[in-house]
Amino acid sequence: MADTQQVDPKAERKAARLARQIHAFSKAHGGAEGQVAHIGERGARIVLVGEDGGWGDLVAPSHAIAEQAVQKAGITVHETFDGEFAAKVKTGRYEWARMAGIQVGGPSNS
């Protein structure tokens with residue numbers, strides 16, 4: 001029996017573009033691991049953590065496209081952003097200053 005599953009060319013292109021970005025991040029950081037999280041109607045967030053502790057994220061229009069992208073990129077994907085995985089992230093002065101500003105009533109948007 002023939003496979004009748006429809007392939008969305010736009011989704012394929014988006015997944016391929018994300019996979020290239022993931023691959024570039026991985027190459028720049030000595031390798032990478034990731035985690036895909038659903039963020040509602042907006043799609044899915046791909047959190048990347050490099051072997052050097054650098055981190056970043058990408059947003060895909062759907063969870064399926066995000067999963068396809070990480071698979072194409074060939075990185076290790078974690079089910080959750082647990083303590084062991086999170087401990088690999090290295091934060092700098094900028095992140096600590098931002099977090100402290102938020103915690104102690106930093107700039108208000110009201």
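**Salt bridges and surface of the predicted model**

With a relative accessible area of 29%, Glu12 is partly exposed; this class lies between buried (under 20% relative accessible area) and exposed (over 50%), with a 1.4 Å probe and protein chains only. The structure is a predicted model, in which local features need pLDDT of at least 70 and side-chain atom pairs count only at pLDDT 80 or more, while totals for chains, interfaces and linings use all residues. Residues are numbered from 1 along each chain as its sequence is written, and side-chain values rest on heavy atoms, with hydrogens and water left out.

The secondary structure consists of four helices and four strands, where helices (H or I, at least four residues) and strands (E, at least two) are DSSP runs numbered from the N terminus. Along the sequence, these elements follow the order α-β-β-β-α-β-α-α. Of the 110 residues in the protein, 29% are buried. Contacts (heavy atoms within 4.5 Å) were also examined by sequence separation: among those between residues at least 6 apart, 56% join residues at least 24 apart. The accessible surface comes to about 7,800 Å², and 52% of this area belongs to carbon and sulfur atoms; accessible areas come from the Shrake-Rupley method with a 1.4 Å probe, and for residues only the protein chains shown count as cover.

A search of the whole structure finds three salt bridges, each defined as a side-chain nitrogen of Lys or Arg within 4 Å of a carboxyl oxygen of Asp or Glu. In one of them, Glu12 is paired with Lys72, at an N to O distance of 3.9 Å. This pair links distant parts of the chain, as Glu12 belongs to helix H1 and Lys72 to helix H2 (residues 63-73), 60 residues apart. Lys72 has a relative accessible area of 45% and is therefore partly exposed.

Another salt bridge joins the side chains of Glu33 and Lys88, with 2.6 Å from N to O. Because Glu33 lies in strand E1 (residues 32-38) and Lys88 in the loop between helix H3 (83-86) and helix H4 (93-103), the pair ties together parts 55 residues apart in sequence. Glu33 counts as buried because its relative accessibility is 10%, whereas Lys88, at 35%, is partly exposed.

The side chains of Arg45 and Asp57 also form a salt bridge, with an N to O distance of 2.6 Å. Here strand E2 (residues 44-50), which holds Arg45, is linked to strand E3 (residues 55-60), which holds Asp57; the two residues are twelve apart. Both partners are partly exposed: the relative accessible area is 38% for Asp57 and 31% for Arg45.

A positive surface patch is formed by Lys10, Arg13, Arg17 and Arg20. Patches are made of residues with over 30% relative accessible area and no salt bridge, with like charges joined within 9 Å and nonpolar side chains (Val, Leu, Ile, Met, Phe, Trp, Tyr) within 5 Å. Lys and Arg count as positive, and their charges are placed at NZ of Lys and CZ of Arg. Arg20 is classed as exposed because its relative accessible area is 53%.

Ala86 belongs to helix H3 and, at 28% relative accessibility, counts as partly exposed. The C-alpha atom of Ala86 is separated by 8.4 Å from that of Val49, a residue 37 positions away along the chain.
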